[in-house]
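User: I'm new to this one and would like a careful walk through it. Could you put it up, and we'll start with how the helices pack?

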Amino acid sequence: MSRATGAGKLPRALPATGSDLLRDCLPGRGAILRLFAWVAAESVPALLSGLCLARAIDALQDRRPAAVVGALAVMAGAIGLGAIATRALYFSLAIVVDDFRDTLMAAVVRGSLLRMTDDGRPGPNTLTQLIDQVDQVRNLLSAVLRGIRSTLAPPVAVCLGLFALDPRLGWAVLIPLGAALALYGALLRRVLSRERAAAIAGERLGVCAGSIVQAIGDIRGLSAQQWAQDRIDDAVGSVAAADAAAARTVAKRHLVIAVGGYLPLFTVFLVAAPLLAEHQVTVGAVVGATTYLLTVLIPALSSVVSGSGGWFIQLRVLLERLALVAGAPLPAGGPASAADPEQVAVSVRVDRGQVALQVTDLTFAYRPDARAVVDGLSFTIEQGEMLAMVGASGAGKSTVALLLSGLVRPTSGSVVAGPDQQLLLVPSQPYVFGASLRDNLTYLARHPVADDHVSLCIEHCGLRPLVNRLGGIDGIIPAGLDGLSGSDCQRMVLARSYLSGAEVLILDEATSLLDLDEERRLVAWLRANGRTLVLISHRLDCAVTADRILYFDGRQVVSGSHRELLLQSAQYRAVIDFAVDAE
Amino acid sequence: MKDAMTNPWRIAPIWTSVAVSAAVVGTATSLAIPALVGRTITAFAQGRESAQLIWLLIAAVAATVTMGVLAAVAGGSGSALITAGIRRALSRSIVRTEGPGVDGVRFGTSDLITRLLLDSSALSRAVPIAVSLILSCASLLVGMVMLLLIDWWLLVGVVAGLLLLTAMLRRYIDDTAGPISTYRESQAEIGQRLLDAQRGSASIRAYGTWMRELARIVRPLPVLRAVGSRLWAAQGRMAWRSSIFVPSIQLSMVGLGCVSMAAGRISVGQLVTALAYSTVILGALDGVEAAAGLNLVKAGRSRIVEVVGSWTPGRVTGSPPSTDEPLEVVLDSVTVLGADGGPILDDISLTIPAGALVAVTGPAGSGRSTFAGMVAGTIVPASGNVLIGGVPLVQIPAAARAGLVVLGSSRPALIGETVAGLIGLGLGPLTADVVAQNARDAHIADVIDALPGGYLARLDELQLSGGELQRLGIAQAMARNSKVMVLDDATSNLDAATEREVVGALRAAGRGCTCILVTNRPAVARLADVVIRLEAGHVVSSTTLSSSTAPSSTMASMR
């Protein structure tokens, strides 16, 4: 249990299938081989049990007490060694299983992060389910590995012991046992598909219930409780049907014990009866053989049926599902490079030291055949200026923000940042996480930030009441953000953006939950501190104070100062008239 | 409901009794097998006739296998039904919980889903685990009696070993009970961190900090690991000790058996029988894992009762006033308390005239959203009454409120599979015309028409802007034709012109509803008949604006 934990170790390649995922997440071959060596060593007492018993009984009937004691002493020694092996086995099992869990968890979290930052959608599983599934996989792997001890090792030990007793008795057991294995293989495919169906039904239930729990406020508001109840009940019903079908198929595995465990009792009797009569085998050998069957083989096969076989199948099914998440493709261009501000500044160097951002002939369409969302947009922002983008919802303002920040590559045209100008896009949905307030605020800071500086920022961003409530800037915000309002989150994100040191801030509805006065005050403060601002807002009050406004009327983009636009665009004039009238 | 959680087998009594009977019969026949095998061997060794014994053995094996299949089928079907029953009870409590204060805060999403998926199935295993424990004990007793009948000397070693094993078992259960719940907690913490990251995925993308997020989310892993190693240590201790005890007991039996055989007290077949019964007796060791499973059952039960027990089924049977006229809303000294016990809304009394369009404004944190939820009945006041058309809202069951009052939110959830499903959510089948009319009124019809699939476009494939989403939510709220419509910042992402048109449609003739708009935009407030301003949970002003479209009695009377 000495290995490094956490995100340190991750599968290098993104695994595509369940077995890839298993291989990538299991620790090195050495640990696995050690584990199997201990399992083999641990099975020695089982291997010797029938043999020693046979020798002891034969010696007893021949009246050789010393040989009886000798056989029992060999057995006692084997038991001692077996216990040492078991102890070592559990140490090695703990390392293998928990290393596996840590790596798998990191791989799955990484896959989810990549997926959600790519298109914002989770995989087929809800996130909570993912975490539970990782733990289920851990438990199943542990059960499967321990199952090898109790299911795979004993039959092997029994066969070896029987062949050592008498090869004819060995064959009498091996043939039905082989038939049982074949039967098990034939059932496996069917069981596998049933278990997979059950796992998928379970996931659907999780997704369905998760979306309903998250939307419970809306559901109450719409008095749609009955609808929600029916949806969950339907999903619960499908899970029950799938589970029951899986249980019916799994039950057939009891035939495996019948063929592999009980049938050999009769074949051994059938083979041994004539041989005993002709004194070709001893009574001890028959006693040893039946003891192997009754005390080792049948209990081992019963445990296959009662659990370990199913565990292996569930493990396979779950790993397949998790591989869908852990194997999420990397976003085009790689997630790390996409947001690296330096990547935005392409080769062209701008001579004028005052330029913050120069946009030339920017064009973007989601698909080559689709209408361009942004078509031939050109403008320049000087350092310290403020640019506002206003216009109808869905006209492409957020797309321009993504293009400016380099998160989306334009179809043609270029965005060039001025020398030493760092850009930061601040999306409308504020991101606050469970950690101290300080950690949240300095999340993007490139250098350590002095306390004075943080305090100043807290005052300006209106965070003092929150700081007081949390008991200081090191107060912890709980995961799940209980008791935090949306506007508090936006204030925190604005403070964080300021402390990031980025010179150019692109605020995409990042102030939407604040009051007009507060929005105006914060924008003025950011400008007074030398930030170049690109502001997207559906509220015009703050936008009209910008040095330059891009007005999106739904078809084209008109650019100019507030005054210029009033003269140029009748539509803009109408919008402003309405807003002023409303005030 | 709590009773069913204490005795979950009552959900599927027939399957459960079939499974239990089959398990009992199967165990009985399997216990006959060692005795029959021993007699057969003795017959062989003494050269006697053994055909009848073999037939009996075949019958015992056949019965054991058949009962095994039957018990597995019945047990599996029963536990599927039981799990489903528990899950239905849970989901009912989740969906229908009503009570004072703000809802949904007690349990996180991640936590509730864990209860729904994992704890419910853990609880459904109560009967199988209990049955296997009881049958293990029965086998143990039968095995001991059989040993006693063969040779009481043989029993002595087994009993001594068994006492040691029981002590080990008890220690094992104590060792594992505590860590299991710590383990679950740190696991839920990882889940919650991942959920937080999902909420901020647009920001993480913009920041390019996903590697740091990865490190942050998996930070509780070492805690999991530390707890896990305590569980492993307990398991390992149990395993290596039992790997000494179990074979040693059998070894001592072989030794004692040899002495008895030499003395002529037992036959060779009886030694085999005795060894097989000792395996049966020690097989009670498998009850170790079953007993640890009881801890999971217990934990599952208390986690489920915690949720199910928090739900008191509504006993109110009032009915909403039936009229085609708009209804008046009266707040009668209403107080709503927050989680900390302090008032969010403090003793508010006012009357909103029937058919009025009311704007509720106020700074962030003034209690605007709580006001909206309280009028819509999703937040139950600690004291005072909300009366709609003269009937107290709390006396009308939730299911009967659909046509009475509706609450539209600022970020409507995308539920209902398709766009049409979302608009008509919970209303049963609506005609395409009705759906389209509501979409037109909410100024979202053009957007929907342009979607691939139109009204049947799947919600999980939509990429909507905030404003489009809000208009979809307004169409959804309008489709309910409620007498009172409360919109909580539901137009905040619309541009000014669209917002004006949507608000105009709200008061269009024929809707006949009382509209309450929570907003922080002066432009909207200007469209209203009455403006109510909240500050720190109090109404600081209530202004009636003269408007030609307003009904005649627009006086919001402060009492």
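**Helix packing and chain contacts**

Analyst: In this predicted model, the axes of helix α8 (residues 225-251) of chain A and helix α3 (residues 51-96) of chain B come within 8 Å of each other and cross at roughly 165°. Axes here are lines fitted to C-alpha atoms, for helices over the stretch in contact, with angles from 0 to 180 degrees between N-to-C directions. Helices are DSSP runs of H or I with at least four residues, strands are runs of E with at least two, and both are numbered from the N terminus.

User: Which way does α8(A) run relative to α3(B), roughly parallel or roughly antiparallel?

Analyst: That angle makes α8(A) roughly antiparallel to α3(B), a label for angles over 145 degrees, whereas under 35 is roughly parallel, 65 to 115 roughly perpendicular and the rest oblique. The crossing is right-handed, meaning that the near helix is turned clockwise from the far one by less than a right angle, with anticlockwise being left-handed.

User: What residue classes are in the contact of α8(A) with α3(B)?

Analyst: The contact of α8(A) with α3(B) has 16 nonpolar, seven polar and seven charged residues. Ala, Val, Leu, Ile, Met, Phe, Trp, Tyr, Cys and Pro count as nonpolar, Asp, Glu, Lys and Arg as charged, and the others, Gly among them, as polar.

User: And at what angle do α5(A) and α6(B) pack?

Analyst: Helix α5 (residues 127-165) of chain A packs against helix α6 (residues 152-199) of chain B at about 145°, with the axes 8 Å apart, and their crossing is right-handed. On the α5(A) side L127(A), T128(A), I131(A) and D135(A) take part, meeting residues of α6(B) that include I190(B), G191(B) and L194(B).

User: Zooming out, how many residues of chain A are in contact with chain B?

Analyst: 128 residues of chain A are in contact with 130 residues of chain B, where contact means C-beta atoms, placed from the backbone, within 7 Å. Helix α4 (residues 65-119) of chain A gives the largest share of chain A's side, 23 residues, and that side divides into 73 nonpolar, 38 polar and 17 charged residues.

User: What helices and strands does chain B have?

Analyst: Chain B has 18 helices and 10 strands, and its C-alpha atoms fill a box of roughly 115 × 50 × 45 Å along the principal axes.

User: How should I read the numbering and the confidence limits?

Analyst: Residues are numbered from 1 along each chain as its sequence is written, with chains lettered from A and ligands numbered from 1 in the order written. Local features need pLDDT of at least 70 and side-chain atom pairs count only at pLDDT 80 or more, while totals for chains, interfaces and linings use all residues.

Definitions and conventions
Contact = placed C-beta atoms within 7 Å.
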